[in-house]
Amino acid sequence: MKSLTCDILQTYLDISSWDLACEFNNTDHRTDLNGVGRLIVRRGQAFTINLQLQSGAYDAQAHSLCFIVEAGPEPLEESGTRAEFCVSDSIDDTCWSAMVTSPPGDTLCVSISSAPDAAIGRYTLTLDQHGYKINLGEFVLLFNPWCPRDSVYMDDEEALKEYVLAQDGIIYMGDHNYQLPMAWDFGQFEEEILDACLRILDVNPKCQKNQAEDCSARRNPIYVTRVISAMINCNDDNGVLMGRWQEPYEGGVKPMLWRSSVGILRQWCRESCSAVRFGQCWVFAAVACSVSRALGIPCRVITNYLSAHDTNQNLVIERYVNEKGEPEKRTRDSIWNFHCWVESWMTRPDLPSGYDGWQASDPTPQEKSEGVFCCGPVSVKAIKQGELSFKYDAGFVFAEVNADVQTIMRLPDGSTRDVISPAIVGQKISTKSVGSDHREDITHLYKYPEGSDEERETFKKAEHLNKLQQHKDVGLDLTIKLGDSLRKGCDFDVFALAKNNTSKNKRCRLLLASRAVSYSGVIGGDCGYKDLLNVDLPPGGERKVPLRLNYNKYADALTQDNLIRLAALLIDYSNGDTVLSVRNVVLDNPEIKIKILGEPKEHRKLAAEITVQNPLPVPISSCCFSLEGANLTGGRTITERWTTVEPGQEAKVKVYFTPTHSGLRKLLVDFDSDKLCHVKGFRNVIIGK
């Protein structure tokens with residue numbers, strides 16, 4: 001009996017300690033920006049652990065080393081949340097496997113490779129020697145877009161730097177005629193953010209209903225992306241953000257003040273998953289992008305200008321106006337000046353072949369999908385091809401970029417009249433370019449050129465009958481032209497240009513109105529109005545009518561978006577034909593000048609001098625500069641205040657911060673005051689080692 005016991009003991013390795021080699025592995029797996037205090041690895045890629053032997057040496061013939069990895073509350077092999085595997089002669093890159101990589105000695109190095117389709121999340125790692133088990137610790141497993149066998153694999157190193165590793169980027173706002181870049185701090189590697197992202201998965205309703213099933217489903221990026229889309233808004237669950245699209249914003253933060261996902265995710269986590277107030281589309285999209293990148297899914301923020309919200313799924317936006325051409329809220333259909341969502345990169349084995357690649361999803365709560373406020377993911381290629389039956393929510397996204405617009409005038413007596421109003425939704429679809437701050441126009445990925453044969457075939461497939469019809473030509477053209485110096489604080493002119501393309505004299509009424517408007521289409525106060533009852537247009541003739549917009553008129557009407565809606569209405573007295581032209585004006589804020597003082601080095605205090613000039617004809621007060629930036633300000637916002645700035649004068653502050661990592665970073669700056677709000681700027685800073 002004693003001899004048998006000794007024989008058994010000799011088959012066990014005498015392990016005194018072990019090391020998960022977090023710094024080495026995290027660096028090798030491109031997760032070291034999360035820190036090196038714990039093991040964070042990507043699936044389908046080997047990582048190394050070191051076993052320190054107190055006595056003896058490893059003998060492959062005598063010792064049996066097996067490992068157990070488990071995730072979730074009910075780990076099961078058939079669910080993909082548990083695996084048991086032993087050391088072998090080589091790594092099998094299709095499943096969990098292990099091999100010894102060190103020569104005989106006091107330290108045994110073991111290489112462990114996870115399955116490329118393993119569920120992401122937190123795991124425990126256990127060493128098993130014939131039933132004698134040692135808990136080696138925990139690790140976090142992420143998607144791996146560098147692994148060819150992973151369903152999020154992307155074969156483009158520069159694109160991966162942009163869509164997974166870049167902690168800052170640019171989101172496009174403004175108007176389709178004037179796209180405004182706004183820098184954003186995604187901050188997916190900042191402290192606490194990965195834990196917040198994993199918590200989003202853990203508190204989602206599907207997990208609360210069936211934890212084991214949810215953990216197993218986390219093998220699939222389609223499932224995870226759909227959960228993210230639902231959980232970034234709080235409409236059905238303990239989601240991250242509460243949306244609000246107009247005043248008041250008491251009890252929260254104005255959406256325009258956010259410049260980073262970091263503060264939002266930290267606040268949500270620290271306040272027991274209570275929704276952060278408030279977000280709008282670009283905030284929802286930016287936070288979804290941060291979460292996706294943190295989990296290893298390549299992701300980018302998309303801006304669609306003139307984005308349709310089709311509530312009744314007929315691919316037509318019914319737009320009502322009054323006799324002045326001003327919009328009336330008669331339906332829930334709308335056209336947003338712009339709308340943001342995200343695209344995530346993955347394969348789609350649930351669809352016919354050819355629909356892998358970018359998948360659109362939208363975390364802004366607009367309509368319910370399968371009973372939940374979420375949208376997507378849907379293949380961008382499917383949208384372009386008009387495959388409206390494809391999962392998920394293809395019809396809704398197709399309408400956002402392709403819906404037809406019908407404009408109807410409601411007269412004071414209650415009768416209605418059709419209005420000719422050229423309006424093309426889905427314009428200048430934009431995202432940040434790979435490796436630069438330039439805008440990339442990706443409209444061609446969503447739709448064929450207007451009027452092309454391919455477009456007609458797509459509309460036929462989608463049964464988009466309105467788009468296939470020829471619209472009425474009444475022989476009258478009406479356009480809106482802009483003057484110079486469209487800067488906030490200035491007076492400026494806009495023009496309605498009416499042209500008669502018929503062979504008859506035309507006597508018309510021409511109205512030109514201006515109202516403040518939000519980016520989502522909510523109309524604000526009056527900014528100026530002109531009504532000409534008798535405009536004579538000879539055959540081939542035209543008339544240019546100016547309207548002066550004065551600062552003292554529009555100043556108090558503007559929303560946070562600095563947008564003014566111009567509407568020109570032309571009514572032919574002879575037959576009642578009515579033409580409407582609509583155009584939005586984006587008023588420029590002043591430039592924020594950012595000067596870096598000294599040589600930027602990691603872990604060395606750095607100063608920035610920030611200046612902004614007051615462009616308004618009145619003094620501004622209660623001025624505040626806010627700075628933040630990934631790996632620059634430690635995930636926090638730095639503020640500096642200034643009292644009063646007279647017209648034409650400058651506010652100037654010097655701000656200190658300590659960069660934590662080398663590389664190209666973006667320093668984001670906001671300026672706010674009582675009369676000049678939401679002025680934004682950024683500067684790229686190269687941090688040396």
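Good morning. The largest nonpolar core of this predicted model has 65 residues, and those with the most contacts inside it are Ile 232, Trp 282 and Leu 295. By nonpolar core I mean a set of buried Ala, Val, Leu, Ile, Met, Phe, Trp, Tyr and Cys residues joined through side-chain atoms within 4.5 Å; buried means under 20% relative accessible area, with a 1.4 Å probe and protein chains only. Helix H9, residues 281–295, gives the most to this core, with 12 residues. Helices here are DSSP runs of H or I with at least four residues, strands are runs of E with at least two, and both are numbered from the N terminus.

Ile 232 touches Ile 200, Val 240, Leu 241, Phe 284, Val 287, Ala 288, Val 291 and Pro 363, leaving aside residues up to four places away in sequence; contact means heavy atoms within 4.5 Å. A second, separate core of 56 residues includes Leu 476, Ile 480, Val 585 and Ile 594.

I turn now to a sheet. Four strands form an open, antiparallel sheet in the order S29-S28-S31-S32, where pairing requires at least two DSSP bridges between two strands. Strands S29 (523–537) and S32 (578–586) stand at the edges with a single partner strand each, so one side of each has no neighbour in the sheet. S31, residues 563–572, pairs with S32 over 9 bridges, and Ile 571 has Thr 578 of S32 as its bridge partner.

On method, residues are numbered from 1 along each chain as its sequence is written. Local features need pLDDT of at least 70, side-chain atom pairs count only at pLDDT 80 or more, totals for chains, interfaces and linings use all residues, and side-chain values use heavy atoms, without hydrogens and water.

Note on methods. Buried < 20%, exposed > 50% of the residue type's maximum accessible area, 1.4 Å probe, protein only.
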